[in-house]
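User: I would like to learn how to read aromatic contacts in a structural model. Could you take me through them step by step?

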Amino acid sequence: MSEHIPAWVGDTLTPVEKTEVHRKGLRHKAVSIFVMDGEQVLIQRRAEMKYHSPGLWANTCCTHPAWDERPEVCAVRRLREELGITGLYPAHADKLEYRADVGGGMIEHEVVDIYLAYAKPQMRIMPDPQEVSDLRWVGLYDLAAEVNRHPERFSKWLILYMAGHLDRIFGSILRA
């Protein structure tokens, strides 16, 4: 069964099949979530079977909302589906638009709502192996430095977030 996501065709928001959206580089809605524990951020390595950006490190999780799904509902759903994380209530941190060639003839042109969620003590994490091959906690500044030194290890969107939008996304944490 193919998944349809909200994408703009011309000026009209329309449900379009997900791989077609990425092949054509259509502007579309997306959601990115960062789970934080103080200044530590949970990042994931994308499973090798992902249709784009396989094996690259990315933020905690990211996805596309269903046609009539609110972004905050999508964020909670995706934490549960991809990582088995429940009981977190992500807070909206920013909204960005970017366009990036992600390889394999795929282009991400996302209007992305970015959320921060705060880890709970003894939070259970049970990643779906179809989605995630590895997880790790890393300090936010260490992550920014690692992305700068080794961009080939990271998704295009995480590079963009760390290089150009660190303060916009994480400002409240960085100033705390």
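User: Which residues form one aromatic cluster?

Analyst: Phe-34, Tyr-98, Tyr-161 and Phe-170 form one aromatic cluster. This is a predicted model, in which local features need pLDDT of at least 70 and side-chain atom pairs count only at pLDDT 80 or more, while totals for chains, interfaces and linings use all residues. Residues are numbered from 1 along each chain as its sequence is written, and side-chain values use heavy atoms, with hydrogens and water left out.

User: How many aromatic pairs does the structure hold?

Analyst: Rings of Phe, Tyr and Trp (its six-membered ring) pair if their centres lie within 6.5 Å, and planes under 30 degrees apart count as stacked, over 60 as edge-to-face and the rest as tilted. The structure holds three such pairs. One of them joins Phe-34 and Tyr-161 edge-to-face, at 5.9 Å centre to centre with 65° between the planes. Tyr-98 and Tyr-161 also form an edge-to-face pair, with 6.5 Å between centres and 85° between planes.

User: Where do Tyr-98 and Tyr-161 lie?

Analyst: Helices (H or I, at least four residues) and strands (E, at least two) are DSSP runs, numbered from the N terminus. Tyr-98 lies in strand β7 (residues 91-103) and Tyr-161 in helix α4, so their pair ties together parts that are 63 residues apart in sequence.

User: Is Tyr-98 buried or exposed?

Analyst: Buried means under 20% relative accessible area, exposed over 50%, and partly exposed in between (1.4 Å probe, protein chains only). Tyr-98 is buried, with a relative accessible area of 6%, and Tyr-161 counts as buried at 0%.
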